[in-house]
Amino acid sequence: QVQLVESGGGLVQSGGSLRLACQASGITFRTYRMAWYRQAPGKQRELVAGITTEGSTNYAEFVKGRFTISRDNAKNTVYLQMNSLKPEDTAVYSCIAQFYNMNYWGKGTLVTVSS
């Protein structure tokens, strides 16, 4: 079965950092595009960052310069390094594995940034 398990969320003060990880199993990880999305209560889900199979990255404007997405194919894991966190970054962060029209989602990990 396909599983994506996020970890690394928690409570952090404004200006602090967290590193999220999403470990996948049941897929040929290296062939999948990976991305992080987030959803705050009462708000729509939004793309945070994506990374291609070759390692090219893209970021939402609101996280450029603060967040970094990376992947370790040997560990079947995608990471999201989050620095200079702001209260508005508070959300459930979920990872997605994409292969053509095949999409798999993790359950998410909660990030709470206090002021």
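**Asking how we know: core, rings and charges**

Guide: Start with valine 78: beyond its neighbours within four places in sequence, valine 78 is in contact with Leu20, Ala21, Cys22, Phe29, Met34, Trp36, Ile51, Ile69, Ser70, Arg71 and Cys95. Contact here means heavy atoms within 4.5 Å. This is a predicted model, where local features need pLDDT of at least 70 and side-chain atom pairs count only at pLDDT 80 or more, while totals for chains, interfaces and linings use all residues. Residues are numbered from 1 along each chain as its sequence is written, and side-chain values use heavy atoms, with hydrogens and water left out.

Visitor: Which residues have the most contacts inside the largest nonpolar core?

Guide: Trp36, Val78, Leu80, Met82 and Tyr93, in a core of 29 residues. A nonpolar core is a set of buried Ala, Val, Leu, Ile, Met, Phe, Trp, Tyr and Cys residues joined through side-chain atoms within 4.5 Å. The elements that give two or more residues to this core include strand 3 (18-25), strand 4 (33-39), strand 8 (77-82) and strand 9 (91-99). Strands are DSSP runs of E, at least two residues, numbered from the N terminus.

Visitor: What makes cysteine 95 count as buried?

Guide: Buried means under 20% relative accessible area, exposed over 50%, and partly exposed in between (1.4 Å probe, protein chains only). Cysteine 95 comes out at 0%, so buried is the word. Cysteine 95 has its place in strand 9, and its contacts, leaving aside neighbours within four places in sequence, include Cys22, Trp36, Val78 and Trp105.

Visitor: Why is the pair of tyrosine 32 and phenylalanine 99 called tilted?

Guide: Rings of Phe, Tyr and Trp (its six-membered ring) pair if their centres lie within 6.5 Å; planes under 30 degrees apart count as stacked, over 60 as edge-to-face and the rest as tilted. Tyrosine 32 and phenylalanine 99 are 5.2 Å centre to centre, which is a pair, and the 35° between their planes makes that pair tilted. The partners are 67 residues apart: tyrosine 32 is in the loop between strand 3 and strand 4, phenylalanine 99 in strand 9.

Visitor: And why is the pair of phenylalanine 99 and tyrosine 100 edge-to-face?

Guide: The ring centres of phenylalanine 99 and tyrosine 100 are 4.8 Å apart and the planes stand at 85°, so edge-to-face it is. Tyr32, Phe99, Tyr100 and Tyr104 form one aromatic cluster, and the structure holds four aromatic pairs.

Visitor: How do you know that the charged end of arginine 19 sits over the ring of tyrosine 79?

Guide: The rule asks for NZ of Lys or CZ of Arg within 6 Å of the ring centre and within 35 degrees of the ring normal. The charged end of arginine 19 is 3.9 Å from the centre of the tyrosine 79 ring. Arginine 45 sits over the ring of tryptophan 105 too, 4.8 Å from its centre.

Visitor: What makes glutamate 46 and arginine 38 a salt bridge?

Guide: A salt bridge is a side-chain nitrogen of Lys or Arg within 4 Å of a carboxyl oxygen of Asp or Glu. Glutamate 46 and arginine 38 meet at 2.8 Å, N to O, so they qualify. Glutamate 46 is partly exposed at 27%, whereas arginine 38 is buried at 6%.

Visitor: How many salt bridges does the whole structure hold?

Guide: Four. One of them joins lysine 64 and glutamate 61, with the closest N and O atoms 2.7 Å apart. Lysine 64 is partly exposed at 46%, and glutamate 61 is exposed at 62%. Another joins arginine 66 and aspartate 89 at 2.7 Å, N to O. Arginine 66 lies in the loop between strand 6 (57-59) and strand 7, and aspartate 89 in the loop between strand 8 and strand 9, so the pair ties together parts 23 residues apart in sequence. Salt bridges that share partners join Arg38, Glu46, Arg66 and Asp89 into one network.

Visitor: Why is aspartate 89 called buried?

Guide: Its relative accessibility is 0%, so aspartate 89 counts as buried. The aspartate 89 side chain also reaches the backbone nitrogen of lysine 86 at 2.8 Å.

Notes. Helix = DSSP H or I, 4+ residues; strand = E, 2+ residues; numbered from the N terminus. Polar contact = N/O pair within 3.5 Å; in protein donor to acceptor, adjacent residues only side chain to side chain.
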